[in-house]
Amino acid sequence: MLDVTVIEDAEAAAVSLDPIRARLLAELAAGPASAAMLAGKVGLPRQKVNYHLKTLERHGLVELAGERRKGNVTERLMRATAASYVISPQALAAVQPDPDRFRDQLSARWLLALGARLVRDVGSLVTGAAKARKRLATYALDGEVTFASAADRAAFVEELTAGVSALIRKYHDGDAEAGRPHRIVAAVHPTVRPEAAAGSGAVAQTAAGSVAQTEAAAGSADAEVPAGSEAIH
């Protein structure tokens with residue numbers, strides 16, 4: 001079982017979002033189970049559970065873990081193919097966010113577009129690497145910092161911009177024949193309180209900084225970030 005997998009197919013995404021099927025995925029992420037075992041947990045007849053399981057299996061969200069005899073019946077034990085799932089913007093290809101349509105480095109929505117592209121690109125890379133049975137070279141850094149003031153946050157952003165930009169200038173070689181472009185994304189955003197993440201969506205007043213480097217198919221660097229402001233638009 002994978003720790004996390006990205007759903008790129010629109011039909012698979014729709015299947016996973018069905019409340020009953022999402023519940024079944026959660027149960028099967030905890031361990032293999034048969035339709036009969038799951039029926040009591042989700043409050044549905046075994047036949048209906050079996051129908052949902054076949055649908056999930058058809059879209060690669062669950063797989064056969066084994067079989068066992070129970071009386072005169074052979075039960076199929078199913079398991080989730082991953083512990084958790086992320087739906088790629090590729091599943092909504094016609095309306096997926098495109099950060100190249102506009103570049104507003106103080107916009108929370110542009111940050112969302114960058115994040116969506118990150119999920120899409122890394123999902124595609126993971127899928128390709130799995131098919132080729134090759135390892136994927138990626139790197140991510142996640143941290144948290146509490147700023148005493150907005151001025152400190154702005155100074156941090158300026159130093160972060162200068163540092164990352166200097167590294168890009170140092171190592172970027174556009175003339176390298178065998179070189180492969182990599183995408184660099186740096187982000188600073190307020191930390192979401194645990195209780196807010198579960199419900200209200202409110203954000204804390206402290207800020208979290210994260211820098212992620214991922215190997216992208218046509219990567220360029222999004223590193224020229226100006227000092228932050230209070231605006232969220």
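**View 1. Helix α2 meets helix α4.** In this close-up, I20, R21, L24, L25 and L28 of α2 touch V49, Y51, H52, L53, T55 and L56 of α4, where contact means heavy atoms within 4.5 Å. Sorted by class, this contact of α2 with α4 holds eight nonpolar, two polar and one charged residues. Here Ala, Val, Leu, Ile, Met, Phe, Trp, Tyr, Cys and Pro count as nonpolar, Asp, Glu, Lys and Arg as charged, and the others, Gly among them, as polar. You are looking at a predicted model, in which local features need pLDDT of at least 70 and side-chain atom pairs count only at pLDDT 80 or more, while totals for chains, interfaces and linings use all residues. Residues are numbered from 1 along each chain as its sequence is written, and side-chain values use heavy atoms, leaving out hydrogens and water.

**View 2. How α2 and α4 cross.** The axes of α2 (residues 19–29) and α4 (residues 46–58) come within 10 Å and cross at roughly 80 degrees. That makes α2 roughly perpendicular to α4 (65 to 115 degrees; under 35 is roughly parallel, over 145 roughly antiparallel and the rest oblique). Axes are lines fitted to C-alpha atoms, for helices over the stretch in contact, with angles from 0 to 180 degrees between N-to-C directions. The helices (H or I, at least four residues) and strands (E, at least two) are DSSP runs, numbered from the N terminus.

**View 3. Helix α3 packs on α4.** Helix α3 (residues 35–42) and α4 have axes 8 Å apart, at an angle of about 110 degrees, and are therefore roughly perpendicular to each other. From α3, A35, A36, L38, A39 and V42 meet R46, V49, N50 and L53 of α4. This contact has seven nonpolar, one polar and one charged residues.

**View 4. The largest nonpolar core.** This core has 20 residues, and L24, L28, L38, V49, L53 and L56 have the most contacts inside it. A nonpolar core is a set of buried Ala, Val, Leu, Ile, Met, Phe, Trp, Tyr and Cys residues joined through side-chain atoms within 4.5 Å. Two or more of its residues come from each of α1 (10–17), α2, α3, α4 and β3 (73–80); α3 gives the largest share, four residues. Leaving aside residues up to four places away in sequence, L38 touches L24, E27, L28, A33, V49 and L53.

**View 5. An aromatic pair.** One aromatic pair turns up in a search of the whole structure. The ring centres of F147 and F156 lie 5.2 Å apart with planes at 55 degrees, so the pair is tilted. Rings of Phe, Tyr and Trp (its six-membered ring) pair if their centres lie within 6.5 Å; planes under 30 degrees apart are stacked, over 60 edge-to-face and the rest tilted. F147, at 17% relative accessibility, counts as buried, whereas F156, at 30%, counts as partly exposed. Buried means under 20% relative accessible area, exposed over 50%, and partly exposed in between (1.4 Å probe, protein chains only).
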